[in-house]
Amino acid sequence: MSAFKIKKGDNVIVLAGRDKGKRGEVIEVRPKEHRALVRGVNMVRRHQRQSASQEGGIISKEGPIDLSNIAVEDPKDGKPTRVGFKVLNDGKKVRIAKRSGEQIPEKN
């Protein structure tokens, strides 16, 4: 399986679907499902049974969205961009925004 260009912590823009145009941070990437969870995007309402740690009722949480429907936000102008790779002089491989050529900052 190839490495995905979208990682946890990236700021992304939704390209298609009910939430088109929304922006958010990637909470989790699910490579086997080809999907990701994005904060505040694709909110679904679920019934939750009460437990000792959590209250019952109807809760809202993020649903997974397909990776093809989101794009990384360009660090320079905030518009959607594709992701490329570049090897620096010190041998480190980094992700770059194809739109501006800027390096995409790593969130750890």
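**Salt bridges and a recorded domain**

Q: What is the relative accessible area of Glu106?
A: Glu106 has a relative accessible area of 41%, so this residue is partly exposed. Buried means under 20% relative accessible area, exposed means over 50%, and partly exposed is in between, with a 1.4 Å probe and protein chains only.

Q: What kind of model is this, and how are residues numbered?
A: The model is predicted: local features need pLDDT of at least 70, side-chain atom pairs count only at pLDDT 80 or more, and totals for chains, interfaces and linings use all residues. Residues are numbered from 1 along each chain as its sequence is written, and side-chain values use heavy atoms, with hydrogens and water left out.

Q: OK. Which residue forms a salt bridge with Lys7?
A: Glu106 does, and the closest N and O atoms are 3.8 Å apart. Lys7 is in the segment before strand E1 (11-14) and Glu106 in the segment after strand E10 (93-97), so the pair ties together parts that are 99 residues apart in sequence. A salt bridge here is a side-chain nitrogen of Lys or Arg within 4 Å of a carboxyl oxygen of Asp or Glu. Strands (E, at least two residues) and helices (H or I, at least four) are DSSP runs, numbered from the N terminus.

Q: And how does Lys7 count for accessibility?
A: Lys7 counts as partly exposed, at 36% relative accessibility.

Q: What about Arg95, buried or exposed?
A: Arg95 counts as buried, at 2% relative accessibility. Arg95 also forms a salt bridge with Glu106, with the closest N and O atoms 3.4 Å apart.

Q: How many salt bridges does the count come to?
A: Eight, by this rule.

Q: Where does UniProt place the KOW domain?
A: An unreviewed UniProt entry places "domain: KOW" at residues 5-32. UniProt positions are given in the numbering used here, feature names are shortened, and annotations may be inferred rather than shown by experiment. Over residues 5-32 the chain is 0% helix and 43% strand, with the end C-alpha atoms 14 Å apart.
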